Amino acid sequence: MRKIISLNHHWKYAEEFEAQFLEPDYNDGAWEKVNIPHTTKEIPYNYFDEKEYQIISTYRKEFTVDRDNMGKRIFVDFAAVMVYAEVYLNGEFIGSHKGGYTPFSFDLTEHITFGEQNVLAVKVDSTERSDIPPFGYMIDYLCFGGIYREVNLRIVDPLHIKNIFAKPQNVLQENKEVETTVFLANLKNQAEEIKVKMSLSKDGTVLATMADTVEVQGKSEKKIDLNLEKLTNIGLWDVENPNLYDLTVQLQRGQEIFDSFTTRIGFREAIVKEDGFYLNGKKLMLRGLNRHQSFPYVGYAMPKRVQRKDADILKYELGLNLVRTSHYPQSTHFLDRCDEIGLLVFEEIPGWQHIGDEEWKEVTKEDVKEMIERDWNHPSIFLWGVRINESEDDDTFYEETNRIARELDPTRQTGGVRFIENSKFLEDVYTMNDFIHSGGDEVLRDQKKVTGLDNYVPYMVCEFNGHMYPTKRFDQEERLIEHALRHLRVHNAAALDPNISAAIGWCAFDYNTHFDFGAGDRICYHGVMDMFRIPKMAAHFYSSQRDPEEKAVLE
């Protein structure tokens, strides 16, 4: 069976890089001892220079792999490194990755010394590189640096499961189905015939199984499709009852099960139509906020429990049914919790206004692929954002990002957040940032004025307020009240307009930013909560919109 071994503890870290740091016998005894998640440098709450953490640094980790794993394949899996990583094992270059928000893996097998000490070294470039999104021009948020998400060692059979994509079908019928694509890799030279078994279970009880025999050629990858049919008594996933099921795929050689891969899924139909958003055939007005994944002092480097806590805050303290992951893929721990509690997610690729050159665009296309292949089994995610936030039109580029998304995942719609009117509509959902409301009578624009089309289309308002009325938690009462009222007015107008499916306020939490934005102290005070997740008055407006039987709000 596959083994997943955490490599999150007992790293050595230096705030610089020299070629000699990559050598396995280099003496790193004086280096700082750190654990992962880790940020390149802790920062003050405000009034700091972001150049402090934009450095090229080095991480080193010693580990051993037992001799009884000889014959297996040894992979290292990085959940995310900001923003460019070069990985070395025992002084040998293994591979590199551009982009700070999506996972990547490397095969270490040929360079492993079994039964002895191995040295993994990672050169991390956390500067704002013009060849990697979202960089190339100034952006309204900070990306911090370091190995800020988890690292694992994965030990698998040379013939193993790379990924699975489960697609529930006929979810509104009594008899439901799961169409599953299994991605296999055979790193051996010879072909092999194996049995592939699949099961669906809930809370440990197996509900359905099937099996098939397949042949996988040597040194090849293979996709196979497996279906579970006539599934009855299946509970739907929705915002009030987020029923989850475990789908497990196993590989069997003779009587031995030698690999197993489990993912959680939900049965639900989520679609944005011209007259609103429908979840399992029922219309639901989406009320949400945007989330940056940053925190005071440590930037992005927060562990699983804190990522999950943010989802709980959005759902239970603010009473939301939707979050947009502005402006990048976020922690799988956060998304897992959204699945568990029934919080819908609009997830998008990294970027903010700027579109770079062809090399930059190629990285963006890879971001689309890596985001979808990582997250396509999350029932909470209903929309892929495949356009750089608030960018100008680029038809050739965005036709390609839409093509990639639809080809990888035909079960979800695409969106692309813009702030310009009459933008070319290439996605499935027209997603717009509408900052027209400045306290007067005009609250939201008519959809047709925004799109320039003669007909209504699936439409969502993805940002409002924010920079129009930044508010500190310690501001005077009048400003705090007006801040809350502006959020109220927009949500009220959106809920009264049958052609608006969602209103997503900017934003949930205050966040650090460049000097050119925010209040001049490296903070955007745009949140309904501050960076410590302490509520402003606007937060209580959101909380008040739930059923009073669930929670009465008086503030």
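Threonine 109 counts as buried because its relative accessibility is 10%; buried means under 20% relative accessible area, exposed over 50%, and partly exposed in between, with a 1.4 Å probe and protein chains only. Threonine 109 sits in the loop that joins β8 (104-107) to β9 (117-125). Helices (H or I, at least four residues) and strands (E, at least two) are DSSP runs, numbered from the N terminus. Apart from residues up to four places away in sequence, threonine 109 touches Lys72, Arg73 and Ile74, where contact means heavy atoms within 4.5 Å.

This is a predicted model, in which local features need pLDDT of at least 70 and side-chain atom pairs count only at pLDDT 80 or more, while totals for chains, interfaces and linings use all residues. Residues are numbered from 1 along each chain as its sequence is written, and side-chain values use heavy atoms, with hydrogens and water left out.

Ile74 also belongs to a core. A nonpolar core is a set of buried Ala, Val, Leu, Ile, Met, Phe, Trp, Tyr and Cys residues joined through side-chain atoms within 4.5 Å. The largest nonpolar core has 51 residues, of which Leu314, Leu318, Val528 and Tyr542 touch the most other members. A second, separate core holds 29 residues, including Tyr13, Ile74, Ala85 and Val151. Leucine 318, with neighbours within four places in sequence set aside, is in contact with Leu289, Ile313, Val528, Met529, Ala539, Tyr542, Ser543 and Arg546.

The next stop is helix α1 (residues 304-317), which contains lysine 309. With a relative accessible area of 44%, lysine 309 is partly exposed. Its C-alpha atom is separated by 24 Å from that of leucine 554, 245 residues apart along the chain.

Helix α2 (residues 332-341) is mostly covered, with seven of its ten residues buried. These are His333, Phe334, Leu335, Arg337, Cys338, Asp339 and Ile341. They pack against β17 (256-265), α1, β22 (322-325), β23 (344-348), α3 and β24 (381-385).

α1 and α2 pack at an angle of about 40 degrees, with their axes 8 Å apart. Axes are lines fitted to C-alpha atoms, for helices over the stretch in contact, and angles run from 0 to 180 degrees between N-to-C directions. The angle makes α1 oblique to α2: angles under 35 degrees count as roughly parallel, over 145 as roughly antiparallel, 65 to 115 as roughly perpendicular and the rest as oblique. The contact of α1 with α2 has six nonpolar, two polar and seven charged residues. Here Ala, Val, Leu, Ile, Met, Phe, Trp, Tyr, Cys and Pro count as nonpolar, Asp, Glu, Lys and Arg as charged, and the others, Gly among them, as polar.

Helix α3 (residues 358-375) packs with helix α4 (residues 395-408) at an angle of about 20 degrees, their axes 10 Å apart. The two are therefore roughly parallel to each other. Their contact divides into seven nonpolar, two polar and five charged residues.

On the α6 side the contact is made by Glu477, Leu480, Ile481, His483, Ala484, His487, Leu488 and His491, and on the α7 side by Met537, Ala538, Phe541 and Tyr542. By class, the residues of this contact are eight nonpolar, three polar and one charged.
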